[in-house]
Amino acid sequence: MSIVVTGATGELGRLVVEQLLTTVPASDIAAVVRDKEKAAGLAARGVELRIADYNRPETLTDAFRTGDRVLLISGSEVGSRVAQHTSVIDAAKAAGVAQLAYTGILGGPEADFQLAAEHKVTEQLILDSGLPYTFLRNGWYTENYTANLAPVLAHGAVVANAGEGRVASATRADYAAAAAAVLTGEGHLGAVYELSGDVAWSFAEYAAEVSRAFGKEIVHKDVPAAVHQEILVGAGVPEGFAAILVDVDEAVRRGRLAHTGGDLARLIGRPTTPLAETVAAAAAAR
């Protein structure tokens, strides 16, 4: 039996593996990756590599073993994820894995924004498969906002169409720690966790944090959805992805990403990382 992490060289997957390495031997961990060279560092530390691609179902045949505990990290290609996830679920079922944990989206079936659609379908596919499951419904990563602060700093503004809506974000490391806890602990089969930060913040509060961290006046500009779409496309964001971002802001306006139920902090055994800490780290890294 191994603890298997799919997408293990991605931003979240690599953090999950790092967290696992602090609690279990490397020989107990398997990383499912597309690129062997990209994962060479993991192999050097004793992690088993299993080469497979979500888009090539035949490669997934040997990705899992009977009794494995598997983390299915959702694919990054919006529009292709249902087919990709179906291939993983089918391979996991054929192998007879002991657990399939899935990184879905906050709210599950109740999430009413575009980005949630494929996650909802995937959860139903897992339920229909009969596999022992754990649903990790991840909220927003704080890094979604802090990873690319250049436009905010250049224009002195955080632009959004979310009104006074709030986001209960947490860091990728927080979510990775939760996934590792579920993969190594007991009592999680059949569980559904709504994962989010301890504190929900508004975009005005986010702008204030950026101002403090960078020593520059940053304001929050709330604009209509159509105007935000035009701004994003004008900045080079593909039209389809811009529409998704605008739709997420509308979900924020409706309170869909403000949930602070505490599941994440309980799983990781500590408070989630505060917004101010992540913004300050982004400032220090510049």
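Because the model is predicted, local features need pLDDT of at least 70 and side-chain atom pairs count only at pLDDT 80 or more, whereas totals for chains, interfaces and linings use all residues.

Entry one, α8 and α12. I took helices as DSSP runs (H or I, at least four residues), numbered from the N terminus. Helix α8 (residues 203–214) packs against helix α12 (residues 275–284) at an angle of about 40°, and their axes lie 9 Å apart; axes are lines fitted to C-alpha atoms over the stretch in contact, and angles run from 0 to 180 degrees between N-to-C directions. The two are therefore oblique to each other, a class left over once under 35 degrees is roughly parallel, over 145 roughly antiparallel and 65 to 115 roughly perpendicular. For contact I used heavy atoms within 4.5 Å, and among the α8 residues that meet α12 I noted Tyr 206, Val 210 and Phe 214. By class, this contact has 10 nonpolar, no polar and 1 charged residues.

Entry two, α1 and α7. Helix α1 (residues 11–21) and helix α7 (residues 172–184) pack at about 55°, with axes 8 Å apart, which makes α1 oblique to α7. From α1, the residues meeting α7 include Glu 11, Leu 15 and Gln 19, and the α7 side includes Arg 172, Tyr 175 and Thr 184. I read the class count for this contact as 11 nonpolar, 2 polar and 2 charged residues.

Terms used
Residues numbered from 1 in each chain as written. Heavy atoms only, no water. Nonpolar A, V, L, I, M, F, W, Y, C, P; charged D, E, K, R; others polar.
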